[in-house]
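Dear colleague,

I am passing a structure on to you, and I would be glad if you could look through it before reading my notes.

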Number of protein chains: 2
Amino acid sequence: MLSKKTKYGLKALTYLAKVEGNEPVQIAEIAKHENISQKFLESILLTLRRNGFLGSKKGKGGGYYLIKEPKDIPMTTVMRVLEGPIAMVPCVSLNFYEKCEDCPDEEECSVHKLMLQVRDSALDVYRNNTLADLL
Amino acid sequence: MLSKKTKYGLKALTYLAKVEGNEPVQIAEIAKHENISQKFLESILLTLRRNGFLGSKKGKGGGYYLIKEPKDIPMTTVMRVLEGPIAMVPCVSLNFYEKCEDCPDEEECSVHKLMLQVRDSALDVYRNNTLADLL
DNA sequence: TTTTACCCTATAGTTTTAGTAGATTAACGA
DNA sequence: TCGTTAATCTACTAAAACTATAGGGTAAAA
């Protein structure tokens, strides 16, 4: 299941990408428009900022805005920041690889074999979509 | 993340598929061989039986055995039983469709758009793999 | 009477999804 | 320049859901 964090994060990014002139947009406006708990969205936008997707401005007229062009924001990076590893099992993860303790031989593991294919197919989708493609 | 339930279930099915003559195999044997908590595996095998993948036999010489040929067990059905919907969001699920309450227009939703592609790519993998392909 | 699957319940642990309370910063008007 | 307001930032807490596992007893087959 996709977490609400990721879902909300994607919706917020999409919302910001549609803003004219890339003006700062307040959390409250996004939360209201997208039916998201404001405080929850607040923490999501914060992690998006910390990971280089958004800029922010405090005080009156402040808010969040995209720091890059939507076409330069691939879904791979967004998903990794919001949802975590794209692989469903650590032993097939490119960026977060971990060996399974219970599994003696990775090459012989049926789960490994299947999940490699799933990872590659998902990666293919995420690589072929930028934020601009979702508008 | 793939749940351990699914992971263990897949490993158990693979184990059973390799058994000569499709003789009943005891839970304890599978659990030991695959490093799985026996009690947990017990419940997993039970759901696999209830969903028509396995047969069982009680008493001495009893155990679980495959009810169909491995080549006739597509990963789509296994994954749906063990892991649940293949779609990451209910609004793009074929078998478990649900409308999002927060989302006014499905056609306009960026998450929907992306997750449709992810679902299709995953479905593609699962449809092209039977239990026999994992051996 | 032993061996095995079956069934129900409980529970510790983790993750998710928030909510609460306040600090910090920036703009603006008196 | 000072105070008010508007906004983000930070940390802590908490409820709820889910995951993984354990315990103990029942039923059936050999």
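Predicted model: local features only at pLDDT ≥ 70, side-chain atom pairs only at ≥ 80, totals over all residues.

Residues are numbered from 1 along each chain as its sequence is written, and chains are lettered from A and ligands numbered from 1 in the order in which they are written.

Chain A has five helices and two strands (DSSP runs numbered from the N terminus, with H or I of at least four residues for helices and E of at least two for strands), and from the N terminus on they follow the order α-α-α-β-β-α-α. Along the principal axes, the C-alpha atoms of chain A fill a box of roughly 60 × 25 × 25 Å. Of its 135 residues, 33% count as buried, a term that requires 20 or more other C-beta atoms, placed from the backbone, within 10 Å of the residue's own.

As for the two copies, chain B can be laid on chain A with an RMSD of 0.1 Å by a turn of 180° and a shift of 0.0 Å along the axis, the superposition being by least squares on the C-alpha atoms of residues with pLDDT of at least 70 in both. That is the relation of a two-fold axis. Among the residues of chain B, Ser121(B) comes closest to the rotation axis, with its C-alpha at 2.8 Å.

Where the chains meet, 24 residues of chain B are in contact with 24 residues of chain A, contact meaning that the C-beta atoms of two residues, placed from the backbone, lie within 7 Å. On the chain B side, H5(B) gives the most, with eleven residues, and the residues of that side divide into 13 nonpolar, six polar and five charged (Ala, Val, Leu, Ile, Met, Phe, Trp, Tyr, Cys and Pro count as nonpolar, Asp, Glu, Lys and Arg as charged, and the others, Gly among them, as polar).

Turning to the DNA, 22 residues surround DNA strand C, the closest being Ser3(A), Lys4(A), Ser37(A), Gly59(A) and Ser56(B); a residue is near a strand if its C-beta atom, placed from the backbone, lies within 6 Å of it. The largest share of this surface, three residues, comes from H3(B). By class, the surface near DNA strand C has four nonpolar, nine polar and nine charged residues.

With best regards

Conventions. Buried ≥ 20, exposed ≤ 12 C-beta atoms within 10 Å, placed from the backbone.
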